[in-house]
Amino acid sequence: MINTQLHNQLIELEIQRKAQEAKKRVQEAKTQILKERLRQALYIVGFLFIILLLLILLLWLLPNKSINYPILNSAKSQQKNHNPIKRGNVQKKKEGKPFSGTEYVKENNYVYKRVYKDGVMVKEEKLAPTITESKEQNHEKIPQFSMPKKKDASN
């Protein structure tokens, strides 16, 4: 009888030892998986960081005039907003030729139609508060963007 009890105790010890080894193997596998996930996360973060640096470098090397960067000095922004509009002679800056044609400008909550001939404003007409109202009331063909409207070369 003593041999069977001793035999059973040895079997129980062996089972406990195998259970502890299995727990160790499971823990090692979990740590390996966590290490692999951490490594993948670091690769992704590094890749995104490099992309961000390249984007910043690209914006720095190729500045785009259409992107409005915030102005830190409020005095400069106030000066830019309060510049008076010059109504004198309008000329093309690149070619130096005087502008002849029609220009639509929104100023003081109204749309104005300005007609120029050889760079000198011939006529200024006050239309309506909005572009759509000006189109409806006066049957004007105002371009979608406020670009100067040129007359034909024959005039």
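Which side chain does a polar contact of 3.0 Å join to that of Arg 114? It is the side chain of Glu 124. A polar contact here is a pair of N or O atoms within 3.5 Å; within protein, one must be able to donate a hydrogen and the other to accept it, and residues adjacent in sequence count only if both atoms are side-chain atoms.

**Before you click**

This is a predicted model: local features need pLDDT of at least 70, side-chain atom pairs count only at pLDDT 80 or more, and totals for chains, interfaces and linings use all residues. Residues are numbered from 1 along each chain as its sequence is written, and side-chain values use heavy atoms, with hydrogens and water left out.

**Stop 1: the whole chain**

Select the protein chain. Three helices and four strands make it up. From the N terminus the order is α-α-β-β-β-α-β. Helices (H or I, at least four residues) and strands (E, at least two) are DSSP runs, numbered from the N terminus. Of the 155 residues, 12% count as buried. Buried means under 20% relative accessible area, exposed over 50%, partly exposed in between (1.4 Å probe, protein chains only).

**Stop 2: color by pLDDT**

pLDDT is the predictor's confidence in each residue, from 0 to 100. The chain averages 76, and 63% of the residues score at least 70. Next, select residues 77–86, where the pLDDT is below 50. Where pLDDT is low, the predicted coordinates should not be read in detail.

**Stop 3: helix H1**

Select Arg 17. Its salt bridge with Glu 14 has its closest N and O atoms 2.1 Å apart. A salt bridge is a side-chain nitrogen of Lys or Arg within 4 Å of a carboxyl oxygen of Asp or Glu. Arg 17 and Glu 14 are about one helical turn apart because they sit three residues apart in helix H1. Arg 17 is partly exposed at 38% relative accessible area, as are Glu 14 at 32% and Glu 21 at 34%.

**Stop 4: strands S2 and S3**

Return to Arg 114, in strand S2 (residues 110–117). Its salt bridge with Glu 124 has closest N and O atoms 3.0 Å apart. Glu 124 lies in strand S3 (residues 120–126) and Arg 114 in strand S2, so the pair ties together parts ten residues apart in sequence. Buried or partly exposed: which is Arg 114? Arg 114 is buried, at 3% relative accessible area. Glu 124 is partly exposed, at 33%.

Key
Contact = heavy atoms within 4.5 Å.
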